[in-house]
Amino acid sequence: MKVSKTSIGTAIKSSPELLKELFKGDLRMLNYHIKSGLIERLRFKFPKEKMLSYFNNLPETDCTDNNHIEIREKIAIMTFDDVFDEEIYEYENNINAKSTFFLLSYKLNKNSIKKDVDLQLHYDARYSQIDKQKEKFEKLTGKNPIASRHHTLWWTHTHLELIYLAMNGIKVDSSLPGIKPFRLCIQGKLLPIWEVPFSVCDSPSVLSAPYGIPSKMETLFEKKISPIVGLFHPYLKHQSRWKDFYKFSKKYRYKFMTVTEFYNKYLKGK
Ligand SMILES: [Zn+2]
């Protein structure tokens, strides 16, 4: 197993837990922490003062629980991560479907994006603060993102991360596995950002970041879960079963929606 010297150096500085594991000689566990993004997480600097003042200015409510929303209509939201893909775009056009692309700002290529697609930000906190990535995204796409999904999904997406995203104008995050959209309630305040969890994922791995909910995609459709959010990657399109998402959506009469359409119809102002 390869663990680079720099990674070990960072690991030692970053966490006593990792130091313990290093002394135990548990390189496997150490490697897991490095790969699972714990090091990057410890190194990320939240702008705490700004976040605190943002949070203090949010209106108080009488909430004692997260605000969940029940969706009666059968909605299927297909999403793709990392980069835009022409073949997927054409395929969707042919079958009358649509989806949302979460795009990495540092992989954005102006020429490869279509204006009629729902493009949103695929934030990567290991790279830089979100305002820098938003700025580049807006410059290249001409669009102001309202949604974000974290690349590698290593954030925990609890209060810190969600306050940080909300403070930066993000209205929807979609980085947690789950089935019910919610707004987080903290100290009597509902954060002005919706978590719209994904329930289907093209990665089978549970111990690296992503995983879906059921073992069979069709189960969600059979059980009339709504919304069903698919998370797929263009680079896995030849091995994943991304076309099944549309097949089941049609078979079980689900309506396709982009993240933006879903937000505008069900979440905005709630
Ligand atoms: Zn990604």
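User: How many helices and strands does the protein have, and what percentage of its residues is buried?

Analyst: This is a predicted model, and its secondary structure comprises 11 helices and 11 strands. Of the 270 residues in the protein, the share that is buried comes to 33%.

User: Which residue is the bridge partner of Ile186 in β8?

Analyst: Strand β7 covers residues 182-186 and pairs with β1, residues 67-68, in the antiparallel sense over 2 bridges, with Asn67 standing opposite Arg183 in β7. Strand β7 is also joined by 4 bridges to β8, residues 189-195, and these two strands run antiparallel. In the hairpin of β7 and β8, 2 residues lie between the strands, and Gln187 takes a positive phi near 45 degrees. Across this pairing, the partner of Ile186 in β8 is Lys189.

User: Are helices α5 and α8 roughly parallel or roughly perpendicular to each other?

Analyst: Helix α5 (residues 48-56) packs with helix α8 (residues 159-167), their axes being 10 Å apart and the angle about 80 degrees. Angles of 65 to 115 degrees count as roughly perpendicular, and α5 and α8 are therefore roughly perpendicular to each other.

User: How many residues of the contact of α5 with α8 are nonpolar, polar and charged?

Analyst: On the α5 side the contact is made by Lys50, Met51, Tyr54 and Phe55, and on the α8 side by Ile163, Tyr164 and Met167. Divided by type, the residues of this contact are 6 nonpolar, no polar and 1 charged.

Key
Residues are numbered from 1 along each chain as its sequence is written. This is a predicted model: local features need pLDDT of at least 70, side-chain atom pairs count only at pLDDT 80 or more; totals for chains, interfaces and linings use all residues. Two strands pair if DSSP finds at least two bridges between them. Axes are lines fitted to C-alpha atoms, for helices over the stretch in contact, and angles run from 0 to 180 degrees between N-to-C directions. Angles under 35 degrees count as roughly parallel, over 145 as roughly antiparallel, 65 to 115 as roughly perpendicular and the rest as oblique. Two residues are in contact if their C-beta atoms, placed from the backbone, lie within 7 Å. Ala, Val, Leu, Ile, Met, Phe, Trp, Tyr, Cys and Pro count as nonpolar, Asp, Glu, Lys and Arg as charged, and the others, Gly among them, as polar. A residue is buried if 20 or more other C-beta atoms lie within 10 Å of its own, exposed if 12 or fewer, and partly exposed in between; C-beta atoms are placed from the backbone.
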